[in-house]
Structure formats: structure tokens, C-alpha cells
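This briefing is meant for a reader who is meeting the structure for the first time. It takes up the sheet, then the ligand, and then the nonpolar core.

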Amino acid sequence: MNTPVLSAQDIRKSYGRGANRFDALKGVTLDVHSGESVAIVGKSGSGKSTLMHLLALLDNPDSGTLSVNGTDATSLSHSQLNRLRNADFGFVFQQFFLTPNASVLDNVTLPLRIAGMGARERKTRGMAVLEQLELADKAKNRATNLSGGQKQRAVIARALVNNPAVIFADEPTGNLDSVTGGIVEDILFSLNKEKGITLVLVTHDLDLAARCDRQLFLHDGLEEPGLEQSGAGTRPVSVSAPASAPVAAPASPPVHAPTPGTPTRRGRHAGTEQGGAE
Ligand SMILES: Nc1ncnc2c1ncn2[C@@H]1O[C@H](COP(=O)(O)OP(=O)(O)OP(=O)(O)O)[C@@H](O)[C@H]1O
Ligand SMILES: [Mg+2]
């Protein structure tokens with residue numbers, strides 16, 4: 001079986017202390033292989049976003065291990081971690097939204113700027129992804145003036161601009177009407193199928209989850225036993241899949257803010273720090 005792009009073994013995460021402590025994840029194990037699409041499903045408060053943040057190396061688990069392409073995340077320095085996230089991950093998170101007064105192009109190319117790329121190449125690459133998402137005519141608009149669906153497409157454009165190995169999407173269609181949500185879904189799945197970008201998706205929407213290769217159902221911080229499904233049926237936790245992915249190694253915790261995604265699939269590229277973003 002190939003080395004998973006992402007591997008979480010018995011990860012736990014609590015918030016608060018003492019009487020206020022809340023155990024948001026109580027031991028979850030999940031492997032995600034290159035090219036897969038995996039949905040994390042569960043009701044509000046079940047720990048979906050917490051799990052996604054840990055998988056995306058945006059926060060550290062209290063216990064358990066997280067590996068990226070076989071490298072233990074705790075062995076990575078802070079700057080290696082930032083580089084990895086900026087180069088290999090793309091984020092479609094509502095909280096990593098767009099900088100309202102910056103142009104659409106500047107928002108979309110932020111990961112490239114963080115990676116140290118020059119202005120001309122940033123523009124070329126930024127315009128290419130905006131074309132792909134049918135937003136090229138909005139490149140100079142301020143992000144605040146886009147419609148909801150256009151904003152979500154701009155967030156996807158930013159997640160794509162570095163050619164990521166993995167896209168993490170937390171309720172990517174949550175605020176959209178069904179038609180626009182369907183368009184955004186189709187974009188994400190076409191990136192998965194046609195470009196082989198691994199997709200990790202958090203959703204309440206069971207129809208959307210069913211489009212993924214596998215579903216991990218969370219209930220009160222635990223995987224619901226026997227519910228992980230794959231295509232037409234249930235199956236045990238991890239599954240294998242094609243492999244090949246970037247390089248990586250994670251380490252300390254960030255918790256931080258935005259970080260638009262980005263990436264380089266298969267390890268090319270040489271990003272630089274990245275940090276928050278919007
Ligand atoms: N920073 C925090 N401090 C305290 N509790 C937190 C914190 N972040 C999350 N929690 C709690 O951890 C639990 C899991 O939160 P999480 O955001 O992962 O849920 P979720 O499944 O994504 O829910 P939703 O579908 O509503 O987004 C919730 O009960 C939440 O209140
Ligand atoms: Mg959530």
C-alpha cells in the first residue's frame with residue numbers, strides 16, 4: 001500500500017482546561033491517499049473542522065500522530081511547516097476569506113507572493129487560474145464587490161494558484177444557493193478527477209459527501225463505527241489509492257490564520273513562508 005499523503009493516527013484534541021475542557025476529538029484515525037476525495041461528515045459540533053485543521057497542519061493534536069507523505073509533522077520546523085502548507089495545500093475555508101479591499105488578482109496570487117514569486121509571473125499565473133474559473137474579467141475588481149458564488153470561486157482560484165497536491169474545503173458550498181453550490185462542487189470534483197488533486201471536504205450535505213470516494217462520519221469527536229463508506233458500500237477505515245505526492249514534514253503548531261493554500265503538486269516548487277492571509 002502506498003504511503004498516504006495524510007495520515008492521522010489516534011489524534012485527540014481538547015479545547016479549554018479543567019472544568020471548561022471540551023474533548024473535540026477523542027481519537028480519530030484516518031489515512032488519505034493521493035488522488036482520493038474524502039468527505040468528513042457529521043452534525044454541528046462533532047469535530048469536523050477541528051479534524052480538518054489538524055490534517056491541514058493548522059493546529060497540533062494533543063496526542064496521536066500526524067504524518068504528511070510519511071513524515072511525522074512534529075519533526076518539521078515552523079518554517080518548513082509554513083512552506084509545506086503554502087506549497088502543497090490549498091484552502092477553501094470560510095474563515096480564510098478574501099481581503100475585501102484588495103483586488104481579486106491580488107487575493108488570488110497571495111500564496112505566490114508569500115512564496116517569493118516576482119510580480120510578472122504572479123500575474124501570469126493568477127490570470128490563468130482566474131480564466132479557469134471564469135473570473136478573468138473580475139481580476140481588477142475589489143474582492144468585496146464579487147457575488148457570493150464569485151467569491152467562492154475566487155477562494156478556489158487562490159487555493160489552486162500554486163498547483164496544490166491537496167485541497168482542504170470546509171463547507172465549500174455552505175453559503176451558496178443550490179445552483180451556484182453545484183457549480184462550485186463541480187469545479188472541486190473536476191480538479192480532483194482531472195488534475196488528481198486530493199480533496200478533503202467537510203460538509204453537512206450528504207449528497208455532496210456521496211460524491212466523494214469515501215466518507216468519514218464523526219459523532220462527538222469519534223468516528224462512527226462501521227460507517228466509513230467508499231463509493232458503493234461501507235468499508236473500514238483507510239483505503240489505499242494511487243499515490244505520489246509532495247514531500248513534507250510537519251511540526252509545530254500554528255493555529256493561525258489564513259493561509260491561502262497553494263501548492264505544488266508533486267513537490268516542485270519552492271515556496272517560502274506563508275502565513276496568514278487575509
Ligand atoms: N477554540 C475553541 N474553544 C473551545 N471549544 C471549541 C473551540 N473550537 C471548537 N470548539 C468546540 O469543539 C467542538 C468541535 O468543533 P468543530 O468546529 O470541530 O465542529 P464542527 O463539526 O466543524 O461543527 P460545524 O458543523 O458547526 O462547523 C464543538 O463543540 C466546539 O464548540
Ligand atoms: Mg465546522
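**Sheet, ligand shell and core**

Strand β1, which covers residues 6-15, pairs with β2 in the antiparallel sense over eight bridges. The model is a predicted one, and the points below are grouped by topic.

**The sheet and the helix across it**

- Within the pairing of these strands, Ser7 stands opposite Asp31 in β2.
- Four strands make up an open sheet, in the order β2-β1-β4-β5, and their pairing is antiparallel.
- Because β2 and β5 (71-72) stand at the edges and each has a single partner strand, one side of each is left without a neighbour in the sheet.
- Helix α1 lies across β1, β2 and β4 (63-68), and runs at about 125 degrees to β1.

**The shell around ligand 1**

- Ligand 1 is surrounded by a set of residues that includes Tyr15, Phe22, Ala24, Gly45, Lys48 and Thr50.
- The elements giving two or more residues to this shell are β2 (22-32) and α1 (48-55), and the largest share, three residues, comes from α1.

**The nonpolar core**

- The largest nonpolar core has 73 residues, and those with the most contacts inside it are Ile40, Ala157, Ile167 and Phe168.
- Helix α6, residues 148-160, gives the most to this core, contributing six residues.
- When its neighbours within four places in sequence are left aside, Phe168 is in contact with Met52, Leu55, Ala56, Phe89, Phe91, Val92 and Val200.

Terms used. Residues numbered from 1 in each chain as written. Chains lettered and ligands numbered in written order. Predicted model: local features only at pLDDT ≥ 70, side-chain atom pairs only at ≥ 80, totals over all residues. Core = buried A, V, L, I, M, F, W, Y, C linked by C-beta atoms within 7 Å. Buried ≥ 20, exposed ≤ 12 C-beta atoms within 10 Å, placed from the backbone. Contact = placed C-beta atoms within 7 Å. Near = placed C-beta within 6 Å. Pairing = 2+ DSSP bridges. Axes fitted to C-alpha atoms, helices over the stretch in contact; angles between N-to-C directions.
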